[in-house]
Amino acid sequence: MATPVASPLLLPLPAPAFPPRRLASTQRLLLAHPPRAGRPRLREPPPPVEEAAPAAVEEAYDAPPLRLLDPPHEDEPYPDEMEAADPDFYRIGYARTMRAYGIEFLEGPDGMGVYASRDVEPLRRARVIMEIPLELMLTITKKHPWMFFPDIVPLGHPIFDIIESTNPETDWDLRLACLLLYAFDVEGNFWQLYGDFLPSGDECTSLLLAPKEDLMELEDQDLSSEMLKQQKRAVDFWQKHWHKAIPLKLKRLAPDHERFLWALSIVQSRSFNLKMRMGAFLQDANVLAPYADMLNHSPDANCFLHWRFKDRMLEVMIKAGCAVKKGDEMTIDYMSAVNSTLMRRYGFSSSTNPWELINFSSPAKIHLDSFLSVFNIAGLHDELYHNAALTSGESTFVDGGVVAAARTLPTWSDGDLPAIPSVERKSAQALQEECRKMSESFSTTIQQDEEILDSDKPIRKTREIAIKYRLHRKLLLQKIIDSLDIYQDRILF
């Protein structure tokens, strides 16, 4: 019988002999360059770490564990206090300023204008040249709930009651004129300084300031009668609200009706309609925007207006694909209207207005497609334009006046039925004769009007624009006569 032997698993094992634990340094070593993955490089051996005393070893067990993924700590990586990049921008009520890019404001032939100070290459996207914040604009919306900006009128002021008594949709100009007059009276308001850029009563071209004898120079009975009604409407409004018993703080805004007529003419001639989004509301607003009101009108404008909702900013932008040379005037299209409408609202007219109309009474008509092809005019009736790429040479005869002739002349078109040259020539001559009779109906000739405008004798602004209005109408009639001459010469070919 074998002697029993104890199992090795039951034998007592000697205590393992571990090497003494080393204490890591309490200060981390900052690497000048972080380790990079890749080929290993030969480095100097690390310095030996001294063994710590047993007491220090016991304290090391209480230290937090080492986090390998922590970023290296630098000495004071952040300042004690965080400061905003622009603290004033976040201030409640902070008034932003207008910004302009690549433009300058100069005196031009038609008053102050905006001109390019450098060349602008055509781009696929529109380019911003002006930014006007809402805080600098005077704005009144048309529909309820009507609102105005900036909110400078305190509750209980008499001007607030006057604005509230008007119709937001039909009396927009009276309301905005009241707000403009009050802005001039507010101490420290921006419009007190900007008022120096606005034309005075003697420099303003609005027919609201024209005396009756100047309105007669228009030789347009409908337009002169309409302007007399507009003047009476403004004077009656002033007499109703600026009576003798009103407080002084309201009386000083418009001490006489001439002051109110001037403010109304500024509003009508320098404001524009804009769709603005205010919170949840999409409003039609009448806006009086500083600096942007210096942009003159052109049917072939190179700029347009855009409302930027996110920060309530009005942008003036160059149209995409439009090349601008240094010294070119920056213009916008006020509206597509006849000269009488432009005179009634803005106080100017143009002999090359492509939307001008002449009322013909003759039954004679010319072939529309033949007339358009002679002058390389393309597009639908409401979108006619001159295709300059098809014009040979450097002829400048075709302008807005010829486009207006194509739109206003009595024409006919019957599918593929061609024009008969002899009939077309007879119709063109009849239309020319009617144009001559209309030109002779004016009290003066083209040469006489040009002599009045070119003379050194001082003349009122309102009389000057009235003479220009009738002169532009006669120049358009002469343009139609000349274009019909060219049409008769080329109709055979």
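**Entry 1: two helices side by side.** Before starting, I wrote down one cut-off: an angle over 145 degrees between two axes counts as roughly antiparallel. I also noted that this is a predicted model. In general, two packed helices are described by the angle between their axes and the distance between the axes. I then looked up helix α13 (residues 446-454) and helix α14 (residues 461-490), whose axes come within 10 Å and cross at roughly 150°. I therefore put α13 and α14 down as roughly antiparallel to each other. Their crossing is left-handed. On the α13 side, the contact is made by Ile446, Asp449, Glu450, Ile452 and Leu453. From α14, the residues taking part include Arg463, Ile467, Leu471, Leu475 and Gln478.

**Entry 2: a covered helix.** How many residues of helix α11 (residues 400-408) are buried? I found nine of its nine, so I noted the helix as mostly covered. Among the buried residues are Gly400, Val402, Ala405 and Arg407. At the start of α11, I saw a side-chain oxygen of aspartate 399 reach to within 3.0 Å of the backbone nitrogen of glycine 401.

**Entry 3: a four-stranded sheet.** My next stop was an open sheet of four strands, in the order β1-β4-β11-β10, with antiparallel pairing. Which strands stand at its edges? They are β1 (99-100) and β10 (303-308); each has a single partner strand, so one side of each is left without a neighbour in the sheet. I followed β10 to β11 and found that they pair in the antiparallel sense over six bridges. One pair I wrote down is phenylalanine 304 with its bridge partner in β11, methionine 317.

Entry 4: I stayed with β11 (residues 313-318), where glutamate 315 has its place. Is glutamate 315 buried or exposed? It is buried, with a relative accessible area of 5%; I count it so because buried means under 20%. The side chain of glutamate 315 makes a polar contact of 2.5 Å with the side chain of arginine 308. Leaving out residues up to four places away in sequence, glutamate 315 also touches Val128, Met130, Glu131, Phe304, Leu305 and His306, along with Arg308. I liked one more pair: glutamate 315 and isoleucine 132 are 183 residues apart in sequence, yet 6.5 Å apart in space, C-alpha to C-alpha.

**Entry 5: a hairpin.** I turned to strands β2 (residues 103-108) and β3 (residues 111-116), which run antiparallel and are joined by six bridges. They form a hairpin with two residues between them.

**Entry 6: a threonine in a loop.** Where is threonine 166? I found it in the loop between α2 (158-164) and α3 (172-185). Threonine 166 is buried, with a relative accessible area of 10%. What does threonine 166 contact, apart from its neighbours within four places in sequence? My list reads Asp171, Arg175 and Phe237. With arginine 175, the link is a polar contact of 3.1 Å between the two side chains.

Notes. Residues numbered from 1 in each chain as written. Predicted model: local features only at pLDDT ≥ 70, side-chain atom pairs only at ≥ 80, totals over all residues. Heavy atoms only, no water. Buried < 20%, exposed > 50% of the residue type's maximum accessible area, 1.4 Å probe, protein only. Polar contact = N/O pair within 3.5 Å; in protein donor to acceptor, adjacent residues only side chain to side chain. Contact = heavy atoms within 4.5 Å. Pairing = 2+ DSSP bridges. Axes fitted to C-alpha atoms, helices over the stretch in contact; angles between N-to-C directions. Parallel < 35°, antiparallel > 145°, perpendicular 65-115°, else oblique. Left-handed = near helix turned anticlockwise from the far one by under 90°.
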